[in-house]
Structures are given as C-alpha cells and as structure tokens.
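User: I want to learn how to read cores and strand pairing in a model. Can you take me through them step by step?

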Amino acid sequence: MKKKIALITGITGQDGSILAKFLLKKNYEVHGIKRRSSSFNTQRIDDIYNDLHEPNPKLFLHYGDLTDFSSIINVIKKVKPTEIYNLAAQSHVQVSFETPEYTANADAIGTLRILEAIRILNLKKSIKFYQASTSEMYGTTPPPQDENSPMKPASPYGAAKLYAHWITKNYRTSYKMFASTGILFNHEGPSRGETFVSRKITMGIANILKKKQKYLYLGNLDAFRDWGDARDYVKAMWKILQYKKPDDFVIATGKSYSVRKFVEISFSLVGIKISWKGKGLKEIGYDKKTNRTYIRIDSKYFRPQEVDHLRGSFKKAKKTLDWKPQIKFEEMIKDMLDKDLKN
Ligand code: NAP
Ligand code: F7E
C-alpha cells in the first residue's frame with residue numbers, strides 16, 4: 001500500500017494538533033508547517049514531538065508561513081504529501097476587524113498559494129487537498145445553514161474564508177484537483193485558544209474559583225452558535241479526504257445555544273446558578289443565594305457586525321460520509337472545565 005503522508009498547515013493550532021495525533025494513530029507520516037516565533041509555540045504538539053535523531057520519526061516540522069509563497073512551494077516540493085490539510089489561518093473573527101489586510105493575505109491568498117504550488121509542481125494527481133472552510137461564511141443567512149445556503153459573510157475573516165472556499169472549488173473544477181472543503185461550525189475542546197468565548201468562559205470560571213480573577217467580562221450574550229467538539233470534527237476532515245470524490249460538506253451538531261446559555265451551563269457544572277439582572281452594558285450575571293456578581297459586560301468585546309445565529313445541518317455528511325457528532329455539548333464543556341481547573 002502507498003505510504004500516506006500528510007502535510008498540515010496550522011499544526012500548532014487547536015485542530016492541527018488534534019488532527020496530527022489522529023493521523024499518527026492511523027500510521028501516517030505527518031509533516032506540519034509552523035511559524036517562526038520568538039518563544040516556543042508548539043505546546044499543543046509537544047507530547048507527540050519526536051527527536052529526529054531517534055529511529056523511525058513520524059512527525060516532522062518545517063518553518064513556513066502562508067503569506068510566504070517560497071516557503072509553501074518548497075515544503076510541498078520536499079515533502080510530496082499525499083494529503084494536505086490547510087488549517088492555518090488568522091482564525092479570530094474580532095481580530096480580523098483589526099487586521100483585515102493580514103487576515104485576507106493569510107486566509108484567502110494563503111489558500112491560493114497552496115493550490116498554485118500544487119499546480120505548478122504538477123502534483124495535482126497525487127495530492128488530495130482539504131480546505132478549512134467555516135460557518136462564518138454564512139454570516140447573516142438565518143439558520144439552519146447547509147451546503148446550499150447563501151453565503152453572506154459579516155466580517156473580514158468570513159469574507160477571506162469565502163474567497164478561499166470558492167478558489168478551492170474553482171481549482172477542483174478548472175484543474176480537476178482533488179480539492180475538498182469542510183464547512184465546519186464552531187468546535188471547541190480543552191486545547192481551544194484562550195480568547196474564543198468557550199475557553200474564555202471555562203478559564204474564567206477556573207480563575208475565579210482560584211481567586212485569580214474577580215469577574216468574567218463578556219460581550220454579546222445573545223448570539224447563538226452550533227458548538228461541537230474538535231475531536232469529532234477532525235475525524236470528519238479525514239473522512240472528507242477519504243471520500244471517493246472531492247466535495248463540500250457541512251460539519252455541525254444541528255443544535256445551537258446562546259452564549260448566555262453557555263455561561264449558565266458552565267457555571268452550573270461547578271455548582272453555581274447564574275441569574276441575570278440589568279440591561280445592555282449594565283447587565284450582570286450573579287448568584288442569587290450569595291449576591292456575588294460573576295459576569296460583567298465590556299463594550300470592547302462587541303463586534304462591528306455580529307453573526308446572530310449559526311446552526312448547521314450535517315445531513316449530507318451523515319448520509320455520504322457516515323459521520324455524526326459523538327461528544328455531547330455538556331460533556332465537552334466539562335472536559336474544558338476539568339482541564340482549566342487542574343491547570
Ligand atoms: P487556531 O487554533 O487559531 O490555529 C490556527 C493555526 O494557524 C495555528 O497553528 C497558527 O499558528 C497558524 N497560522 C496562523 N497564521 C498563519 C500563517 N500566516 N502562516 C502559517 N500558519 C499560520 O485555529 P483552529 O481552531 O485550530 O482552526 C483551524 C482552522 O479551521 C482555521 O483555518 C480556522 O479558521 C478554521 N475553522 C475553525 C473553526 C473552529 O471553531 N475552531 C470552525 C471553522 C473553521 P500559531 O500557533 O503560530 O499562531
Ligand atoms: O465567538 C460572542 C461573539 O470568538 C462566539 C472561530 O473559531 O468559530 C469561531 O468564531 C460568539 C460571538 O467564535 C465574547 O460575539 C461574547 O457571537 O468564540 P468566538 P466565533 O466568532 O463564532 C468560527 C466557526 C470560526 O471559523 C472562527 O475561526 O461569542 N462573544 N462575548 C464573545 N466572543 C469572544 N471571543 N469573546 C467574548 O468576550
């Protein structure tokens with residue numbers, strides 16, 4: 001059987017690190033592109049790092065950046081992967097309003113750079129390409145969203161990802177590349193970045209209980225998201241590339257909750273019942289029994305435009321890929337809390 005070689009961009013991120021572990025278990029040789037940083041940025045993959053001087057290394061890291069075409073083409077030429085998972089991105093929606101040009105360069109043109117490298121190197125017959133598309137591309141389209149729903153992104157991030165999504169479909173059609181997309185709805189877990197709302201809440205609770213933080217400051221509590229578990233979602237990425245033909249798939253749970261509900265459930269898991277009073281920036285979340293305030297609102301966490309409600313339909317993935325989410329919402333929050341309480 002032909003050796004399976006995966007190249008993961010964004011291997012140091014939440015999904016990249018989980019996918020690397022998943023593929024190593026499947027006996028892949030795994031290569032990852034990491035950015036140069038002034039201090040270590042490989043914490044999420046330190047447990048699978050192998051010394052290259054030891055026999056049979058399975059994980060290889062290469063310096064590179066999606067904004068630097070020469071690094072991309074050189075790594076692909078050297079590694080000759082059988083599968084590329086393009087997970088690298090400036091992935092924070094709010095930050096994309098502050099760095100819109102960089103976000104477009106990395107997330108939109110970065111994807112084009114990989115597709116062009118595959119084409120120029122004439123490797124299109126031997127490489128399957130996966131693009132990390134996102135529910136943020138739906139923006140203001142009301143739920144439920146599926147593969148045929150209109151794309152109306154509401155942020156520089158969503159717009160950049162929509163370019164990447166369409167250019168992937170375009171290369172599939174124009175050059176007959178095996179280029180697929182997974183339109184993933186929000187997915188979280190214990191290794192989620194600390195500034196996304198899920199992790200901010202679970203870390204905030206841990207810090208409050210350890211008296212390291214007094215309040216949890218949040219923005220819009222009334223946005224709804226379809227939150228799944230990253231461990232389930234990387235399996236879907238792999239299944240998408242094992243499918244007989246390239247295609248686009250929504251990966252979601254089909255259920256949505258408000259940020260407010262996320263807060264209530266998370267606090268309830270540590271025995272605190274949150275009640276709400278006040279309006280707008282003056283609203284607080286507090287415990288009626290003790291009168292202790294836990295949540296306050298800070299205007300800096302509101303976005304110039306909000307995506308109000310995302311809830312995906314994963315019917316196509318279920319039917320075609322036999323994929324469905326396994327890990328329940330509360331179980332995921334509990335795992336995140338457990339890690340943050342332990343740390
Ligand atoms: P993440 O934790 O923010 O990881 C992003 C990764 O991309 C990190 O490894 C980061 O490197 C790397 N990166 C950023 N800019 C880069 C550049 N210019 N060149 C090379 N690498 C770069 O994101 P994630 O949650 O794992 O998400 C993975 C992918 O799925 C992203 O493309 C994201 O947009 C997309 N997505 C995520 C979700 C979700 O809910 N998690 C949903 C839909 C789609 P550093 O470690 O050096 O920062
Ligand atoms: O926000 C609200 C915020 O930053 C979720 C990325 O992985 O998923 C993620 O994007 C909601 C939004 O994720 C705070 O306004 C309230 O409505 O956790 P988030 P996101 O923007 O949905 C998509 C699918 C991706 O593709 C992205 O890469 O929570 N919210 N208060 C807050 N959000 C944050 N971050 N911080 C707050 O204090």
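User: Which residues touch the most other members of the largest nonpolar core?

Analyst: In soluble globular proteins, nonpolar side chains tend to be buried together. A nonpolar core here is a set of buried Ala, Val, Leu, Ile, Met, Phe, Trp, Tyr and Cys residues joined through side-chain atoms within 4.5 Å. Buried means under 20% relative accessible area (1.4 Å probe, protein chains only). The largest core has 34 residues, and I8, L19, L23, Y85, Y130 and I251 touch the most other members. This is a predicted model: local features need pLDDT of at least 70, side-chain atom pairs count only at pLDDT 80 or more, and totals for chains, interfaces and linings use all residues. Side-chain values use heavy atoms, without hydrogens and water, and residues are numbered from 1 along each chain as its sequence is written.

User: Which element gives the most to this core?

Analyst: Helices (H or I, at least four residues) and strands (E, at least two) are DSSP runs, numbered from the N terminus. Helix α7 gives the most, with eight residues.

User: What does L19 touch?

Analyst: Contact means heavy atoms within 4.5 Å. Leaving out residues up to four places away in sequence, L19 touches I8, Y85, L87, V234 and M237. A second, separate core of 24 residues includes W227, F262, I327 and I333.

User: How many bridges join β8 to β15?

Analyst: Two strands pair if DSSP finds at least two bridges between them. Three bridges join β8 (216-218) to β15 (292-297), in parallel. There, L216 stands opposite I295.

User: In which sense do β14 and β15 pair?

Analyst: Antiparallel, over four bridges. D287 has R292 as its bridge partner. The two strands form a hairpin with four residues between them, and N291 in the turn has a positive phi of about 65°.

Definitions and conventions: Chains are lettered from A and ligands numbered from 1 in the order in which they are written. Buried means under 20% relative accessible area, exposed over 50%, partly exposed in between (1.4 Å probe, protein chains only).
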